[in-house]
Amino acid sequence: FCSGPRDCAMAMLRSLLVLLGCVAAANAFAPAGLPLTGRAGSRRALSVNMGKSVAQKKEILENIEKRLETSTLIFSTHMNKITVKDITALRTTLPEGSNAVCVKNTLMKKVTAGTPWEVCKDLASESNLWFFIDEDVKGTIKSFKDWKKAVNKKEQEIKGGVLEGAVYDAKGIEAIGELPSKQELYAMIAGSIKAVPSKLAGTLKECPTKTARAIKLAVAPDA
């Protein structure tokens with residue numbers, strides 16, 4: 001117990017000094033590299049610690065490589081005003097063999113380096129949603145346009161794309177999307193082949209009549 005106000009004040013001061021000494025000792029023995037609450041760099045350190053591991057990044061690179069191996073064309077669009085819900089709705093409308101993937105620019109540049117897709121680095125700025133298309137280019141671009149209307153994202157435009165090692169702007173990609181799809185080309189070829197026998201049969205059927213007429217004219221007496 002304190003014998004007086006002066007003694008009580010001195011006892012409280014001694015207790016405060018002991019407490020401060022304990023805090024200083026604890027900080028001195030804190031493991032290196034751990035963020036300390038209240039420091040300016042604590043938020044940055046936390047974000048780094050929560051980042052993807054090397055194994056996760058390697059898996060992402062391998063998945064992109066596999067998509068590029070089977071892709072005929074790739075194109076991108078800005079992600080500034082797209083939500084996770086919007087992307088989920090878009091993915092459900094894409095044709096089989098087409099994918100929409102959010103890829104960081106650094107990873108996209110790394111995985112395409114030394115390949116015909118390397119020119120996509122010209123499009124790798126800001127945030128991008130990349131479309132990897134195996135075959136159905138026309139169907140994929142149509143799905144993208146229909147999705148824009150469905151989610152009221154009319155300002156969402158194609159940024160550009162890559163086909164056979166060449167970069168195309170938005171108009172170029174859309175023009176490519178107007179070309180017949182592989183299925184449509186097959187149907188056109190099949191229709192042409194199917195029409196040949198009918199035309200040939202009609203031609204052969206007309207041959208005897210035309211030949212007989214020619215013979216008749218050849219042996220007819222002169223007038």
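Which side chain does the side chain of Asn105 make a polar contact with? I began my notebook there, keeping in mind that this is a predicted model.

**Entry: Asn105**

I found that the partner is the side chain of Asn128, at 3.1 Å. The Asn105 side chain also reaches the backbone oxygen of Glu126, at 2.6 Å. I placed Asn105 in helix 5, residues 105-112. Is Asn105 buried or exposed? I noted a relative accessible area of 18%, so Asn105 is buried, the cut-off being under 20%. Setting aside neighbours within four places in sequence, I listed its contacts as Ala124, Ser125, Glu126 and Asn128.

**Entry: the cores**

Next I looked up the largest nonpolar core, which has 19 residues. Leu73, Phe75, Leu90, Leu129, Phe131 and Ile173 have the most contacts inside it. Among the elements that give two or more residues to this core, I marked strand 1 (73-78), helix 4 (84-91) and strand 3 (128-133). Helix 6 gives the most, with four residues. I then followed Leu90: leaving out residues up to four places away in sequence, it touches Ala100, Leu129, Phe131, Ser143, Phe144 and Trp147. There is also a second, separate core of 15 residues, including Leu61, Leu68, Val101 and Leu123.

**Entry: helix 6 and helix 7**

How do the axes of helix 6 (residues 137-150) and helix 7 (residues 170-177) cross? I read roughly 120°, with the axes coming within 8 Å. That is why I wrote down helix 6 as oblique to helix 7. Helix 6 makes the contact with Val137, Lys138, Ile141 and Lys145, and helix 7 with Ile173, Glu174, Ile176 and Gly177. I sorted these contact residues into four nonpolar, one polar and three charged.

Key. Residues are numbered from 1 along each chain as its sequence is written. This is a predicted model: local features need pLDDT of at least 70, side-chain atom pairs count only at pLDDT 80 or more; totals for chains, interfaces and linings use all residues. Side-chain values use heavy atoms; hydrogens and water are left out. Axes are lines fitted to C-alpha atoms, for helices over the stretch in contact, and angles run from 0 to 180 degrees between N-to-C directions. Angles under 35 degrees count as roughly parallel, over 145 as roughly antiparallel, 65 to 115 as roughly perpendicular and the rest as oblique. Contact means heavy atoms within 4.5 Å. Ala, Val, Leu, Ile, Met, Phe, Trp, Tyr, Cys and Pro count as nonpolar, Asp, Glu, Lys and Arg as charged, and the others, Gly among them, as polar. Buried means under 20% relative accessible area, exposed over 50%, partly exposed in between (1.4 Å probe, protein chains only). A polar contact is a pair of N or O atoms within 3.5 Å; within protein, one must be able to donate a hydrogen and the other to accept it, and residues adjacent in sequence count only if both atoms are side-chain atoms. A nonpolar core is a set of buried Ala, Val, Leu, Ile, Met, Phe, Trp, Tyr and Cys residues joined through side-chain atoms within 4.5 Å.
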